[in-house]
Amino acid sequence: GDSASAGPQPNHSPAASNPTICEVGGRGIFLPAFGDAEQRWDASTRSLLYGVALLYSFLGMSIVSDIFMGAIESVTSKRKRVRVKSSHGGSRYVTRSVWNSTVAN
């Protein structure tokens, strides 16, 4: 007999027993979030949802980074007035940066 007409042969390779993350039964660290039910969704639907989630996380990261940079700028832009004695016996006030701008940036 011809083995091609007998129908599909079972795949006994190691890859068949260890599904990828995108196949039913596959596992990842975070995804699929909803288990095997999520893996049965259409690939384009999952791609769209994963893309939206990725953009949402980038938006959150940009907000946190912006707040952090604002705090760094306020710390490094601090100035104070210092009284300096002049050579002729008097004194005057000068404004100096608290942080060294080279180190701060």
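Me: How many of the seven residues of strand 1 are buried?
Reply: The number is zero for strand 1, residues 79-85, so this strand lies largely in the open. Buried here means under 20% relative accessible area, exposed means over 50%, and partly exposed is in between, with a 1.4 Å probe and protein chains only. Strands (E, at least two residues) and helices (H or I, at least four) are DSSP runs numbered from the N terminus. Please keep in mind that this is a predicted model, in which local features need pLDDT of at least 70 and side-chain atom pairs count only at pLDDT 80 or more, while totals for chains, interfaces and linings use all residues. Residues are numbered from 1 along each chain as its sequence is written, and side-chain values use heavy atoms, with hydrogens and water left out.

Me: OK, and how does strand 1 pair with strand 2, parallel or antiparallel?
Reply: Strand 1 and strand 2, residues 91-97, pair in the antiparallel sense over seven bridges, where pairing requires that DSSP finds at least two bridges between two strands. Arginine 81 has threonine 95 of strand 2 as its bridge partner, and arginine 79 stands opposite serine 97.

Me: What sits between strand 1 and strand 2?
Reply: Five residues lie between the two strands of this hairpin, and glycine 89 in the turn has a positive phi of about 100°.

Me: Zooming out, what pattern does the protein chain follow?
Reply: Along the sequence the pattern reads α-α-α-β-β-α, which comprises four helices and two strands. Of the 105 residues in the protein chain, 8% are buried.

Me: And which atoms does 61% of the accessible surface belong to?
Reply: That share belongs to carbon and sulfur atoms, out of about 9,000 Å² for the protein chain; the areas come from the Shrake-Rupley method with a 1.4 Å probe, and for residues only the protein chains shown count as cover.

Me: Which residues make the nonpolar surface patch?
Reply: Ile21, Ile29, Phe30, Leu31, Phe34, Trp41, Leu49 and Tyr50 make a patch of about 890 Å². Patches are made of residues with over 30% relative accessible area and no salt bridge, with like charges joined within 9 Å and nonpolar side chains (Val, Leu, Ile, Met, Phe, Trp, Tyr) within 5 Å. Tyrosine 50 belongs to helix 3, residues 43-76, and is partly exposed at 31% relative accessible area.

Me: Switching to charges, how many salt bridges are there in the whole structure?
Reply: A search finds one, taking a salt bridge as a side-chain nitrogen of Lys or Arg within 4 Å of a carboxyl oxygen of Asp or Glu. The side chains of aspartate 36 and arginine 27 meet in a salt bridge at 3.8 Å, N to O. Aspartate 36 is partly exposed at 26% relative accessible area, whereas arginine 27 is exposed at 54%.

Me: What about arginine 46, which side chain of opposite charge is nearest?
Reply: The nearest is glutamate 38, 5.5 Å away, and arginine 46 is buried yet has no salt bridge; Lys and Arg count as positive and Asp and Glu as negative, while His and the chain ends are not counted. Arginine 46 is placed in helix 3, and, leaving aside neighbours within four places in sequence, arginine 46 is in contact (heavy atoms within 4.5 Å) with Cys22, Glu38, Gln39 and Trp41.
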